[in-house]
Structure formats: structure tokens, C-alpha cells
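Please look through the model shown below before reading on. The report that comes after it is meant to be read with the structure at hand.

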Amino acid sequence: MPDAKIPAETVRALSPGSQPSPETGAHGESGAVGSAPPVISLRGICKAYNIGTPIETEVLHQIDLSLPQGSFCAVMGPSGSGKSTLLNIIGLLDRPSAGTLEVCGEETTNLDDRALTQLRGHKIGFVFQYHHLINAFTALENVMLPMLGAAGFPTPAIRDRAQFLIGRVGLTPWQDHLANHLSGGQQQRVALARALAMNPALLLADEPTGNLDSRSADSVFDLLTQFNQEQGTTVLFVTHNAALAKRCTDRIEVVDGHIQS
Ligand code: ADP
Ligand code: MG
């Protein structure tokens with residue numbers, strides 16, 4: 001792969017990897033729904049910014065939320081209500097100022113940064129409104145990235161897994177195209193394939209269809225639905241699109257930092 005500067009946000013959301021198998025990812029998990037603990041469990045989560053200064057503001061207040069494995073939950077609510085803050089905390093990209101958060105049964109509040117990175121990398125995938133692909137890399141190379149962390153170099157297993165995922169999002173003919181030569185909808189589908197590289201238990205999608213025309217938005221949403229149903233991936237999907245939200249199995253609304261179900 002060519003050298004390129006990787007944006008810090010992308011690096012954080014990408015993960016250390018291990019040797020994957022094409023269809024089940026790094027861990028060979030089937031995604032079957034069983035007696036597993038909730039994928040996420042939040043109790044009394046608060047988030048304040050500028051703590052200890054005159055402009056201290058609490059933007060999330062005493063959030064309780066539990067999502068069982070396999071749920072597909074829409075998150076709606078006005079701009080500025082705290083949706084992204086909530087997803088960043090659930091995704092272990094930001095720490096709460098109070099409360100507890102379990103991810104796949106593991107209590108995270110007392111974990112150090114290294115342990116958080118490890119847990120995030122193996123359990124959580126991210127798709128954002130902007131695709132955050134590396135333009136100097138091909139579609140296939142972008143999907144390989146999360147799996148390269150631990151291996152440090154490309155292996156046939158990593159390439160096979162990436163090719164499988166590129167096929168699942170319908171982009172095999174474009175796999176060797178540079179990311180910035182793809183359409184917006186195609187770029188977001190590559191981002192989705194990359195998010196699923198490690199076969200995460202939880203996919204956090206923060207307005208992934210917000211920049212797309214309605215046809216591309218539908219195609220990304222259909223893929224989310226398929227991965228949810230086929231792999232058992234739990235999906236938390238922030239959207240302003242009421243029609244798409246209706247098609248999710250669960251819905252929550254965030255208003256002024258509170259959850260209204
Ligand atoms: P949403 O995603 O629902 O639009 P956000 O979670 O991005 O809302 O923001 C919720 C509130 O938190 C907003 O009032 C926003 O200005 C504030 N906020 C977000 N990030 C920061 C930050 N780093 N410092 C201070 N305030 C912030
Ligand atoms: Mg937001």
C-alpha cells in the first residue's frame with residue numbers, strides 16, 4: 001500500500017487485528033443470538049464538558065439504556081440533543097463523567113486507554129456521516145486496514161476477508177479503485193465493509209445516510225439490515241429519516257440529553 005497520513009479519528013475507530021476468516025471475521029463468531037449479556041448496558045450515564053470551568057455544561061443526563069444482541073435500534077432527536085455524544089461514549093471514544101457502561105458484559109468505566117482500544121477494536125465498528133476513507137488507498141485496502149493492526153502486514157486471510165466484504169456490499173468490480181474515485185454511495189458502502197471487517201458485535205452508525213441521495217441511502221440501510229439479520233450484528237443507527245427509523249426493530253429519541261422511548 002502507498003504511504004499516507006491516516007486521520008486520527010479513523011485510526012482510533014480502526015482496530016488491532018488478528019487472523020480473520022472471510023465469512024466470520026477475526027473471531028469466528030457466528031453472531032447467533034443466545035443467552036449472551038446485553039451488547040451494551042448503560043446506567044446513569046452523564047456527560048459534562050468543560051468540567052470545573054464557568055462554562056461547564058452537562059449534555060447527557062442519567063442515561064439508562066440496554067440493547068440485546070441482534071437489535072437494530074434507530075436513534076432520533078433534534079440536532080444538538082446529544083446523539084453523537086452518546087454514540088462516542090458507547091463507542092469508547094469518549095469517557096462519561098458519571099455512570100457505568102458495559103460492552104458485551106465487560107464493565108468499561110475503570111479500563112485504561114489501552115484496554116479500551118483493545119475492546120473497541122474487537123467489538124465495535126463505526127460508520128460516520130463522512131466516510132473517512134483513505135483516498136490514497138483502494139477500496140479493498142481500506143477494508144483491509146482494521147485487520148492489519150496486529151498482523152502488521154497483509155496476509156492472504158486478511159485479503160480474503162476484505163474481498164468477501166467488498167463483495168457483500170456489491171463493489172467487487174471497484175475493489176481496486178482508489179477511494180476518491182468512487183461515488184459518495186460507493187464510498188459509504190466501503191466504509192460499511194471496513195466497519196464490519198472485525199465482525200464487531202456492535203455497529204455504531206452516526207447519520208451514515210445523512211450525506212447520501214435517497215437511493216444510496218436506501219442501499220446503505222438495506223446493507224445494515226442484512227448484516228443485522230445475517231450476522232446478528234447489533235446496530236445503533238442515528239438518523240433524521242423517519243421512514244428509515246420506522247423500519248428498525250427499536251427506536252429511541254434523544255431530547256435535551258435525555259432518552260425518550
Ligand atoms: P447531536 O449529535 O444530537 O447533534 P451532539 O452530541 O453533537 O448532538 O452535541 C450535544 C451537545 O453537546 C451540543 O450542545 C454540543 O454543542 C455540545 N458539545 C458536543 N461536543 C462538545 C465539546 N467537545 N465541548 C463542548 N460542548 C460540546
Ligand atoms: Mg451528531
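Predicted model: local features only at pLDDT ≥ 70, side-chain atom pairs only at ≥ 80, totals over all residues.

Residues are numbered from 1 along each chain as its sequence is written, and chains are lettered from A and ligands numbered from 1 in the order in which they are written.

**The chain as a whole**

The protein chain holds eight helices and ten strands, where helices (H or I, at least four residues) and strands (E, at least two) are DSSP runs, numbered from the N terminus. Of its 261 residues, 46% are buried; a residue is called buried if 20 or more other C-beta atoms lie within 10 Å of its own, exposed if 12 or fewer, and partly exposed in between, with the C-beta atoms placed from the backbone. Two residues are in contact if their C-beta atoms, placed from the backbone, lie within 7 Å. Among the contacts with a separation of 6 or more in the protein chain, 75% are between residues 24 or more positions apart.

**Strands and sheet**

Strands of a sheet pair through backbone hydrogen bonds, either parallel or antiparallel. Here two strands are said to pair if DSSP finds at least two bridges between them. An open sheet of six strands has the order β6-β7-β8-β3-β9-β10, with mixed pairing. Its edge strands, each pairing on one side only, are β6 (124-127) and β10 (258-260). From one strand to the next the twist averages 20°, with axes taken as lines fitted to C-alpha atoms, for helices over the stretch in contact, and angles running from 0 to 180 degrees between N-to-C directions.

| Strand pair | Sense | Bridges |
|---|---|---|
| β1 (residues 40-49) and β2 (residues 57-67) | antiparallel | seven |
| β1 and β4 (residues 98-103) | antiparallel | five |
| β6 and β7 (residues 202-206) | parallel | four |
| β3 and β8 | parallel | four |
| β3 and β9 (residues 250-255) | parallel | four |

Strand β3 is mostly covered, since five of its five residues are buried. Phe72, Ala74 and Met76 point one way from β3, whereas Cys73 and Val75 point the other way. Ala74 stands opposite Phe237 in β8, and the bridge partner of Cys73 in β9 is Asp250. Helix α7 (residues 214-231) lies across β3 (72-76), β7 and β8 (234-238), and runs at about 155° to β8.

**The nonpolar core**

A nonpolar core is a set of buried Ala, Val, Leu, Ile, Met, Phe, Trp, Tyr and Cys residues joined through C-beta atoms within 7 Å. Which residues touch the most other members of the largest core? Among its 71 residues they are Cys73, Val143 and Phe237. Helix α4 (residues 139-151) provides the largest share of this core, seven residues. Leaving aside its neighbours within four places in sequence, Phe237 is in contact with several residues, including Phe72, Cys73, Ala74 and Leu224.

**Around the ligand**

A residue counts as near a molecule if its C-beta atom, placed from the backbone, lies within 6 Å of it. The residues around ligand 1 include Tyr49, Val59, Gly77, Lys83 and Thr85. Helix α2 (residues 83-90) gives the most to this shell, with three residues.
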